[in-house]
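Subject: Structure for you to look at

Hello,

Here is the structure I said I would pass on. Please open it beside this message and follow along; my notes come after it.

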Amino acid sequence: FGIRLYGIPSGYEFATLIEDIRMVSRGEVDLTPQTRQELARLTQPVHIQVYVTPTCPYCPRAVLLAHKLAMVSDLVTAAMIEATEFPHLAERYHVHGVPRTVIQDVIHIEGALPEQQVIQKLMGVLDAPTMARLRGEFEASLN
């Protein structure tokens with residue numbers, strides 16, 4: 001289903017694990033028809049990473065949305081990454097607060113945004129000039 005959990009799903013993230021199991025077993029995802037239409041437009045694989053900590057009450061919402069997107073589209077892979085267990089990744093993607101969602105390594109979302117706003121950012125991967133600019137900015141920030 002393109003759903004990944006890296007790190008121990010403890011604290012608030014335990015509920016995420018249970019909800020993922022429920023979604024997969026039922027095969028049902030509650031996303032709007034507009035979001036489903038947008039996901040159908042994807043033509044290339046998209047990788048979403050959601051950085052979390054066990055004590056963040058907002059993180060499960062961001063992770064579950066990413067996992068729902070992955071369940072609906074075979075082109076989307078969504079990973080929950082426990083930031084304290086993977087400090088090298090948290091540092092690379094400038095995770096100073098959670099949840100922090102990273103799309104295609106360059107689009108960064110702070111906080112648990114509503115479905116419409118996340119899908120709008122995700123669909124930015126279709127725009128090659130925008131992605132090239134963002135990738136350049138990201139690589140410059142690494143130096």
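Helix H1 (residues 13–26) lies across E1, E2 and strand E3 (76–82), and runs at about 160° to E1. Helix H3 (residues 59–72) also packs on the sheet, where it touches E1, E2, E3 and E4, and its direction makes about 155° with that of E3. The names follow DSSP: helices are runs of H or I with at least four residues, strands are runs of E with at least two, and both are numbered from the N terminus. Touching, or contact, means heavy atoms within 4.5 Å. The angles run from 0 to 180 degrees between N-to-C directions, with axes fitted as lines to C-alpha atoms, for helices over the stretch in contact.

Before the rest, some notes on the source. This is a predicted model, in which local features need pLDDT of at least 70 and side-chain atom pairs count only at pLDDT 80 or more, while totals for chains, interfaces and linings use all residues. Residues are numbered from 1 along each chain as its sequence is written, and side-chain values use heavy atoms, with hydrogens and water left out.

The sheet

Five strands form an open sheet with mixed pairing, in the order E1-E3-E2-E4-E5. Strand E1 (3–6) and strand E5 (107–110) stand at the edges with a single partner strand each, so one side of each has no neighbour in the sheet. On average, neighbouring strands of this sheet are turned by 15° against each other, direction ignored. Two strands pair if DSSP finds at least two bridges between them.

Strand E2 (residues 46–52) pairs with strand E4 (residues 100–103) in the antiparallel sense over four bridges. Gln 49 has Val 102 in E4 as its bridge partner. E4 and E5 also run antiparallel, joined by four bridges, and the partner of Arg 100 in E5 is Glu 110. The hairpin of E4 and E5 has three residues between the strands, and in this hairpin Gln 104 takes a positive phi near 55°.

In a regular strand the side chains alternate between the two faces of the sheet. In E5, Ile 107 and Ile 109 make up the covered face, and His 108 and Glu 110 the uncovered one.

Aromatic pairs

How many aromatic pairs does a search of the whole structure find? There are two. Rings of Phe, Tyr and Trp (its six-membered ring) pair if their centres lie within 6.5 Å; planes under 30 degrees apart count as stacked, over 60 as edge-to-face and the rest as tilted.

The ring centres of Tyr 6 and Phe 86 are 6.5 Å apart and the planes are at 80°, so this pair is edge-to-face. Tyr 6 lies in strand E1 and Phe 86 in the loop between E3 and helix H4 (87–92), so the pair ties together parts that are 80 residues apart in sequence. Tyr 6 is partly exposed, at 39% relative accessible area, and Phe 86 is partly exposed at 24%. Here buried means under 20% relative accessible area, exposed over 50%, and partly exposed in between (1.4 Å probe, protein chains only).

The rings of Tyr 51 and Tyr 93 have centres 5.9 Å apart and planes at 40°, so this pair is tilted. Tyr 51 lies in strand E2 and Tyr 93 in the loop between H4 and E4, so the parts tied together are 42 residues apart in sequence. Tyr 51 is buried at 0%, and Tyr 93 is buried at 4%.

The cavity

The structure holds one cavity of 30 Å³ or more. About 70 Å³ of space lies in the largest cavity. On a 1 Å grid over the protein atoms alone, a cavity is a set of points where a 1.4 Å probe fits but cannot get out, and lining residues have an atom within 4 Å of a point. Its volume is the space filled by probe spheres set on the points, which are joined across faces, edges and corners.

Which elements give two or more residues to the lining? They are H3 and E4, and H3 gives the largest share, four residues. Among the lining residues are Ile 48, Ala 62, Leu 65, Thr 101 and Ile 109.

Lys 68 lies in helix H3 and is buried, with a relative accessible area of 16%. Leaving aside its neighbours within four places in sequence, Lys 68 is in contact with Met 23, Val 29, Asp 30 and Leu 31.

Regards

Key
1 Å grid on protein atoms, 1.4 Å probe; cavity = no way out; pocket = protein on both sides within 12 Å on 5 of 7 lines; lining within 4 Å.
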